[in-house]
Amino acid sequence: MKKTCLTVSVLALAAVGCSKTNNYTPAAGATGADIFKAACLECHKIENGRIFELAADKANAATIAKKITEGGVMMSSFPNLKGEELKAVSQYVVENSKVK
Ligand code: HEC
């Protein structure tokens, strides 16, 4: 991970810092919960059984999937999370978040 980070910043993204791409790749058959634990929990804790307080218009799997794919100002993107696995972890986040 550190190595990727360094490579990415040296090559192209020096200006946007070091957490832009996460090359985490889920194991075959990983559930949404497995993926969340492996890839997200380091930054997003589950408190009282919930992950986020999502605005109603963001509390759907498509919006969460977009966030995972694109990343954010601080959050890395996960280009290797796609297809069924992306859907599974997005759904898991929605199911375990509170809607504001
Ligand atoms: C390196 C730390 C880090 C990791 C790893 C990370 N995130 Fe994030 N995430 C953030 C930060 C910081 C924000 C808020 C700022 C931003 O968007 O960059 C955020 C924002 C989000 C949001 C928007 C929440 C809202 O209130 O609208 C979602 C959804 C999200 N992350 C899901 C995930 C999922 C799912 C994973 C795992 C695949 C993940 N994040 C991995 C740091 C991380």
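Helices here are DSSP runs of H or I with at least four residues, strands are runs of E with at least two, and both are numbered from the N terminus. With that in place, Gly 72 sits in the loop between helix 3 and helix 4. I will come back to that loop.

First, the ground rules. This is a predicted model, so local features need pLDDT of at least 70 and side-chain atom pairs count only at pLDDT 80 or more, while totals for chains, interfaces and linings use all residues. Residues are numbered from 1 along each chain as its sequence is written, and side-chain values use heavy atoms, with hydrogens and water left out.

Now the overall layout. The chain has four helices and two strands. Along the sequence the pattern reads α-α-β-α-α-β. There are 100 residues in the chain, and 31% of them are buried. Buried means under 20% relative accessible area, exposed means over 50%, and partly exposed is in between, with a 1.4 Å probe and protein chains only. Next, contacts, meaning heavy atoms within 4.5 Å. Take the contacts with a separation of 6 or more: residues 24 or more positions apart account for 65% of them.

On to the ligand. Which residues are closest to the ligand? They are Cys 40, Cys 43, His 44, Lys 67 and Met 75, out of 18 residues that surround it. The cut-off for being near a molecule or strand is one heavy atom within 4 Å. By class, this shell holds 13 nonpolar, two polar and three charged residues. For the classes, Ala, Val, Leu, Ile, Met, Phe, Trp, Tyr, Cys and Pro count as nonpolar, Asp, Glu, Lys and Arg as charged, and the others, Gly among them, as polar. Helix 3, residues 61-70, gives the most to the shell, with three residues.

The side chain of Lys 67 has an N or O atom 2.4 Å from a ligand oxygen. His 44 places a polar side-chain atom 2.7 Å from a ligand nitrogen. Val 73 uses its backbone: a polar atom there is 3.1 Å from a ligand oxygen.

Back to Gly 72. Is Gly 72 buried or exposed? Gly 72 is buried, because its relative accessible area is 14%. Leaving out residues up to four places away in sequence, Gly 72 touches Lys 20 and Lys 67. Lys 67 is also one of the residues closest to the ligand. Gly 72 and Lys 20 are 52 residues apart in sequence, yet their C-alpha atoms are 8.2 Å apart.

Next, helix packing. Two packed helices are described by the angle between their axes and the distance between the axes. The axes of helix 2 and helix 4, residues 83-95, come within 8 Å and cross at roughly 85 degrees. Axes are lines fitted to C-alpha atoms, for helices over the stretch in contact, with angles from 0 to 180 degrees between N-to-C directions. Helix 2 and helix 4 are therefore roughly perpendicular. That term covers 65 to 115 degrees; under 35 is roughly parallel, over 145 roughly antiparallel, and the rest oblique. From helix 2, the contact uses Gly 32, Ala 33, Ile 35 and Phe 36; from helix 4, Glu 85, Ala 88, Val 89, Tyr 92 and Val 93. These residues divide into seven nonpolar, one polar and one charged.

Stay in helix 4 for Ser 90. Ser 90 is buried, because its relative accessible area is 0%. A polar atom of its side chain lies 2.6 Å from the backbone oxygen of Leu 86. The backbone nitrogen of Ala 65 is 3.4 Å from a polar atom of the Ser 90 side chain. Beyond four places in sequence, Ser 90 touches Ala 61, Ile 64, Ala 65 and Ile 68.

Last, two asparagines in loops. Asn 22 lies between helix 1 (2-13) and helix 2. Asn 22 counts as buried, because its relative accessibility is 8%. A polar atom of the Asn 22 side chain is 2.8 Å from the backbone nitrogen of Tyr 24. Asn 48 lies between helix 2 (32-39) and strand 1 (53-54). Asn 48 counts as exposed, because its relative accessibility is 76%. Its phi is near 50 degrees, a positive value in a residue other than glycine.

Definitions and conventions. A polar contact is a pair of N or O atoms within 3.5 Å; within protein, one must be able to donate a hydrogen and the other to accept it, and residues adjacent in sequence count only if both atoms are side-chain atoms.
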